[in-house]
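Visitor: I am new to reading protein models. Please show me how to start.

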Amino acid sequence: MKVGQLANVPYTNHIIPVELYINDEYMGSYMFTEHVGLSNNSVDVDEDLAYLLELDTYYDEDYKFRSEKYNLPVNIKDPDLSDYDELQRDTKLNAIKADFQTFEDALYNNEEIGEYLDLDAAARFILVNELVLNKELCHPKSTFLWKGDLYSDESKITFGPLWDFDWGFGYQDKGNYFEIDYRTQLLSMGTEGRNFFQALMNNEDFQKHYYKVWKEFNDNGYNEEIKEFISDYYSFVEASSHKIGA
């Protein structure tokens, strides 16, 4: 999340490490953060107009669909369509599905996608995932996208908020981290997610924005700031980590 904040990814969460006690019994070390959703402490947009999607292979939401070109598991996180009557619910679901499909079709056909996707936000989102080698994208899992106004041609699909880095930091599928070579390509596994994000990263419109964002990140010296943050953060949580080990 610190990298996301430095990269100016829209609506990046804050995280506070906490030690949890219940009735004076120590329950462990946790991370305290905002709940991701359409709300004033997360994606602060009008829920009546907006939508929040999650690309996730668990595919376990009540309202969901598979995209036509990349077979993406698209879960509708917000709004809660169960609050609508049947006609409103079907109309909203079909409108969201059609809107996402228009973007995916343009990406699949290697067309200009800036009309449908916030390219700057997408570049910042991918930058963070590359820096921490987050392979959640490959499945895909825990990958959020939102749009502020489903009914406006001026509104664009936006990647984020960032979430869930279980498969980041050199994760080796055995519960261990920092085991994969840091030079490993981000999209080196998976199927639907890999194909979708590879198409995005190969898109000429996206590449121009990605180069600009990457250069900005390096020119601002954020790599060194991240190293300092890691050192400070380690010092802050070191005592808690020893307590967990005990």
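Guide: Begin with burial: buried means under 20% relative accessible area, exposed over 50%, and partly exposed in between (1.4 Å probe, protein chains only). At 6% relative accessibility, Lys147 therefore counts as buried. Note that this is a predicted model: local features need pLDDT of at least 70, side-chain atom pairs count only at pLDDT 80 or more, and totals for chains, interfaces and linings use all residues. Residues are numbered from 1 along each chain as its sequence is written, and side-chain values use heavy atoms, with hydrogens and water left out.

Visitor: Which residue forms a salt bridge with Lys147?

Guide: First, the general idea. Side chains of opposite charge can pair when their charged atoms come close. The rule here asks for a side-chain nitrogen of Lys or Arg within 4 Å of a carboxyl oxygen of Asp or Glu. The partner of Lys147 is Asp99, with the closest N and O atoms 2.9 Å apart. Lys147 lies in strand 6 (residues 143–147) and Asp99 in helix 2, so the pair ties together parts that are 48 residues apart in sequence. Asp99 is buried too, at 16% relative accessibility.

Visitor: What are helices and strands here?

Guide: They are DSSP runs, numbered from the N terminus: helices are H or I with at least four residues, strands are E with at least two.

Visitor: How many salt bridges are there?

Guide: The count comes to 12. One of them joins Lys77 and Glu54, at 3.4 Å from N to O. Lys77 lies in strand 5 and Glu54 in strand 3, so this pair links parts 23 residues apart in sequence. Lys77 is partly exposed, at 29% relative accessible area. Glu54 is buried, at 9%.

Visitor: Where do Glu204 and Lys208 lie?

Guide: Both are in helix 5, four residues apart, about one turn of the helix. Elsewhere, salt bridges that share partners join Asp120, Arg124, Lys212 and Glu216 into one network.

Visitor: Which residues have the most contacts inside the largest nonpolar core?

Guide: A nonpolar core is a set of buried Ala, Val, Leu, Ile, Met, Phe, Trp, Tyr and Cys residues joined through side-chain atoms within 4.5 Å. The largest has 53 residues. Those with the most contacts inside it are Phe100, Leu117, Ile126, Phe159, Phe196, Leu200 and Phe206. Helix 3 gives the most to this core, with seven residues.
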